[in-house]
Amino acid sequence: MPFAEDPAHLSKSRLKSDLVAHNVALPSAASKKAVYVELHLKHIDQKNAADFSSDEEDRADDKKDAEMPVPSCLTDEDLKAMLRKHGVKPGPITASTRVLYERKLHKLLQSDRRERLNEADKAVLYSDSEEEKKQQEKDQDSGSEKQPDPSDQTQKESSQCFLPSSRLAWLFKRPCPPRNTESSSNWNSRNALKSSERSQSQCSQIISTSTADHHTGLGSTVLPRSKSTDDSSLSSQYFSITQMVEEMENSSSRSVTDNACEFNGTSVQENWAQSDRPPQEPVKDAFKDILPGSKTTPTGIYVTRRRPIKGAAQRPVQYSYPDSPVSPMTQQRREVERYLVPIHIQILVFIIVACVLYLIYVNVEGSLSYWSYGEDRLLVQAESQDAEADYAQD
Amino acid sequence: MSSTSQKHKDFVAEPMGEKPVMALAGIGEVLGKRLEDKGFDKAYVVLGQFLVLKKDEELFRDWLKDTCGANVKQQGDCYGCLKEWCDAFL
């Protein structure tokens, strides 16, 4: 629907279709254009006015949300502008460079968000006194009306908002902010409830608003919202709030990248309903880790156990280490060698046997010569005897 | 001053002309093949990408990692090589 176009300038058929689109009963077919224009003005323009007012509110929110857009949704020009805002002078954004620049913008946005969170935390701590005064003023101004309803509402919301800090809890918490803002405004106008209820719901509001702001990355809006809703009891409970805020911060630092991807510039609620958009790759692993709820540490810090230090307590230094791993070839060789006689022993046996044989040889040689000598002598004796016998015969 | 490889010195010594992408320091056979498959078949095409990224180290390293899976050392070598070439000839 064009904003500023006068219905009188539209054609009859166009007016007809507009009326049908807005579920307005059409006048008789023969009616003049003026009738259509009148109906158009009556119904549609009113509606547009109403829509515009609500759109403005949404736009206000959206503008804030739009500060934290998804890099991949931006046009080239927008991406360039965002990068320039962060002090980067990007080169041409082409097909090949776009991904890189998106990633860079993402990193910059994350670091920005973290800075704003830190600022927000400090602001929450220091703004108690101002909030007390403001709340007291508001309390004096307004009367008390319908206390149970908003309290029930906010209690329900607070129960929702106090879900454990898992990823799913973040998704559930999303509707809190818009509802809470409405109820908070009603609240302030209707005066305070019991301090416990109020503080509880306020805590939830602060947390939800701070989470919403974490989502949107607006630390600056945390201040005005928290100021409008805080109570004197906050000061007594500010330890718990800061703890919770820290928890949220830590969990948001995990999930904020996912949320950033899930946010469009259009509206928070729509995106919350459609939160199926896959997160960007670098965060995918963290997303998968968190979703099954496997490792949800309270601080949100993931630590893998490092190798224990040698010599530390209960880890005495090992001076002898287990056998080094051997290759299959060496293992085979070793097994085979078990059956064979070791080489050293083989050599020793060989030497011993050689010595024995040599000794035997020597002895046999000696004895042989002795025997031969002995035989000679016997022969000689026999010859001499023969000779003597011969002599004797003569 | 970190030492540069022979490949680096060879590349930086003269205009790259039609040298293949594997002539770049840090780009070996495997990475070169991957780059060629993506269409970066000559060193000057990689130079083109380097210049389009405005000679930014971080962006070029990211791009190199995404495109061919170069590790930190390879990224650094390639970046240094191209940067020095540009300083000398561009």
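Helix axes are lines fitted to C-alpha atoms over the stretch in contact, and angles between them run from 0 to 180 degrees between N-to-C directions. This is a predicted model. In it, helix α4 of chain A (residues 95–126) packs with helix α3 of chain A (residues 76–85) and also with helix α4 of chain B (residues 57–68).

**Chain A overall**
- Chain A has 15 helices and zero strands.
- Of its 394 residues, 34% count as buried.
- The accessible surface of chain A is about 25300 Å², and carbon and sulfur atoms account for 56% of that surface.
- Where contacts in chain A join residues at least 6 apart in sequence, 66% of them link residues at least 24 apart.

**α3(A) with α4(A)**
- The two axes lie 10 Å apart at an angle of about 40°, and the pair is therefore oblique.
- The crossing of α3(A) past α4(A) is left-handed.
- From α3(A), A:Asp76, A:Leu79, A:Met82 and A:Leu83 take part; their partners in α4(A) include A:Arg98, A:Tyr101, A:Lys104 and A:Leu108.
- This contact of α3(A) with α4(A) comprises seven nonpolar, no polar and four charged residues.

**α4(A) with α4(B)**
- Here the angle is about 120°, with the axes 10 Å apart; α4(A) and α4(B) are therefore oblique to each other.
- α4(A) passes α4(B) in a right-handed crossing.
- On the chain B side, B:Glu58, B:Leu59, B:Asp62, B:Trp63 and B:Asp66 meet α4(A) residues, among them A:Ser96, A:Leu100, A:Tyr101 and A:Lys104.
- The contact of α4(A) with α4(B) is made up of four nonpolar, one polar and six charged residues.

Terms used. Residues are numbered from 1 along each chain as its sequence is written. Chains are lettered from A and ligands numbered from 1 in the order in which they are written. This is a predicted model: local features need pLDDT of at least 70, side-chain atom pairs count only at pLDDT 80 or more; totals for chains, interfaces and linings use all residues. Side-chain values use heavy atoms; hydrogens and water are left out. Helices (H or I, at least four residues) and strands (E, at least two) are DSSP runs, numbered from the N terminus. Angles under 35 degrees count as roughly parallel, over 145 as roughly antiparallel, 65 to 115 as roughly perpendicular and the rest as oblique. A crossing is left-handed if the near helix is turned anticlockwise from the far one by less than a right angle, and right-handed if clockwise. Contact means heavy atoms within 4.5 Å. Ala, Val, Leu, Ile, Met, Phe, Trp, Tyr, Cys and Pro count as nonpolar, Asp, Glu, Lys and Arg as charged, and the others, Gly among them, as polar. Buried means under 20% relative accessible area, exposed over 50%, partly exposed in between (1.4 Å probe, protein chains only). Accessible areas come from the Shrake-Rupley method with a 1.4 Å probe; for residues, only the protein chains shown count as cover.
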